[in-house]
Amino acid sequence: MNLHEYQAKALFAQFDIPVPQGRVASTAEEALASAEELGGELWVVKAQVHAGGRGKAGGVLLARSVAEVGEHTEALLGTRLYTHQSGPEGLPVDTVYVEEGSLIARELYLSLLVDRDLERVVIMASASGGMDIESVAADTPEQILSFALHPGAGLADFQTRMLGFGLGLDQNQQRELSDILSNLVKLFHACDASLIEINPLIVTEAGNVIALDAKINVEDNALFRQASLAELRDEAQEDENEREARAHDLSYVSLGGNIACMVNGAGLAMATMDLIKLHGGEPANFLDVGGGATVERVTEAFKIILSNKNVEAILVNIFGGIVRCDLIAEGIVVAVREVGVDVPVIVRLEGTNVEKGRALLAENDLAILAADDLTDAAIKVVTLAKDRDALL
């Protein structure tokens, strides 16, 4: 689950991580009041969306008067922001963050993330922070500093000193960085984060180190013990199908292809998508109906995947273990009739009650093709996605 910048900065402040003063606003009037309350002669109006690259997309605007704060806010609210991370449909701007202006001497990059290969939290930093950090990572990776935290020892003093030297900070700034890193590690564990990113982490003209931006991703599987953070979820920033799937306990991720997948088990779903790619197709989604699938959940799954207008064919791949093949087959028949599926459906069943499941599918006069095995299923669905009359 992603947090907005203003939400992340509120958490930063709770953990004594220095951030500029700011206020969230959902109307131009609130933005004007925020600017007047903050005072000063320079403000920044930031669109609050769950995507990076806001600055390049026109989502971060500098204001030199209170009136200009209102003008920028009106220009942003109610629009959709298109960045390289938002996708072609963009993300809605429902709120802005009005922040006091900062006098920047240097822009750095700092992040903490879970490295699943190392099974440790890794700290990454660069002296080349700012809007072009992706280019730095791609073109000059040697400018990215990183080290893993020992799960028992935690953050060591030598690691903060090494990072401070690598970032070219003076002695006072290194002390400030040490405090920031220590508090970020505490925050990372306290909120069950999968990522905390500050880009940029700035050195002000006065020589202080401050988090000018804040991004926090919370691990979804830990939300059961993060009730206060779960309440911060902004569903308007999430894919509508993914939101609907979550409401029905389905694991769903939208992709860019035209072959919809419905599978039980995350590993099998990944293998299914790999085979589709291997045979020249493009998956439209990842969808795991889980081990406790019911007729109702299968029906909802069909509704969700068919709401994607790019879908040209559907592959259902079920290995019956906990969930029985005949139950899935019944769900498929009900769903195809109820939803009105008008694209080819390929079904591969294997496992518990597979013969009953295949018989249920064969007894119905629906446009459902059975597959002998997973490779056969992948070949058939790719063929039908290109020409729906090829095998029918």
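Me: Leaving aside neighbours within four places in sequence, which residues make contact with alanine 313?

Reply: In this predicted model, alanine 313 is in contact with Asn258, Ile259, Ala260, Val343, Pro344, Val381 and Ala385, once neighbours within four places in sequence are set aside. Contact means heavy atoms within 4.5 Å. Local features need pLDDT of at least 70 and side-chain atom pairs count only at pLDDT 80 or more, whereas totals for chains, interfaces and linings use all residues. Residues are numbered from 1 along each chain as its sequence is written, and side-chain values use heavy atoms, with hydrogens and water left out.

Me: What makes E1 and E6 a pair of strands?

Reply: Two strands pair if DSSP finds at least two bridges between them. Four bridges join strand E1 (residues 22-25) to E6, and the two run antiparallel. In this pairing, glycine 22 has glutamate 99 of E6 as its bridge partner. E2 is also joined to E6, by five bridges and again antiparallel, with valine 45 opposite valine 98 in E6.

Me: How do you know that E6 is mostly covered?

Reply: Four of the five residues of E6 are buried.

Me: What makes a set of residues a nonpolar core, and which members of the largest one touch the most others?

Reply: A nonpolar core is a set of buried Ala, Val, Leu, Ile, Met, Phe, Trp, Tyr and Cys residues joined through side-chain atoms within 4.5 Å. The largest has 38 residues, of which Phe12, Leu110, Ile123, Leu163, Leu184, Leu201 and Ile216 touch the most other members. Elements that each supply at least two residues of this core include helix H1 (5-14), strand E8 (120-126) and helix H6 (171-190). H6 provides the largest share, seven residues. Apart from this core lies another, of 34 residues, among them Ile305, Val311, Ala335 and Val354.

Me: Which residues are in contact with leucine 201, leaving aside neighbours within four places in sequence?

Reply: Leucine 201 is in contact with Arg106, Glu107, Leu108, Leu110, Leu177, Ile180, Val209, Ile210 and Ala211.

Me: What makes a space a pocket, and what volume has the largest pocket?

Reply: On a 1 Å grid over the protein atoms alone, a pocket is an open set of points where a 1.4 Å probe fits, with protein on both sides within 12 Å along at least five of seven lines; lining residues have an atom within 4 Å of a point. The largest pocket has a volume of about 1300 Å³, volume being the space filled by probe spheres set on the points, which are joined across faces, edges and corners. Of its 35 lining residues, Asp239, Glu242, Tyr252, Val253 and Ser254 are the closest to its centre. H8 gives the most to this lining, with five residues.

Me: Which residues are closest to the centre of the second largest pocket?

Reply: The second largest pocket holds about 1000 Å³ of space. Of the 46 residues that line this pocket, Gly53, Arg54, Asn199, Pro200 and Asp213 are the closest to its centre. E10 gives the most to the lining of the second largest pocket, with six residues.

Notes:
Buried < 20%, exposed > 50% of the residue type's maximum accessible area, 1.4 Å probe, protein only.
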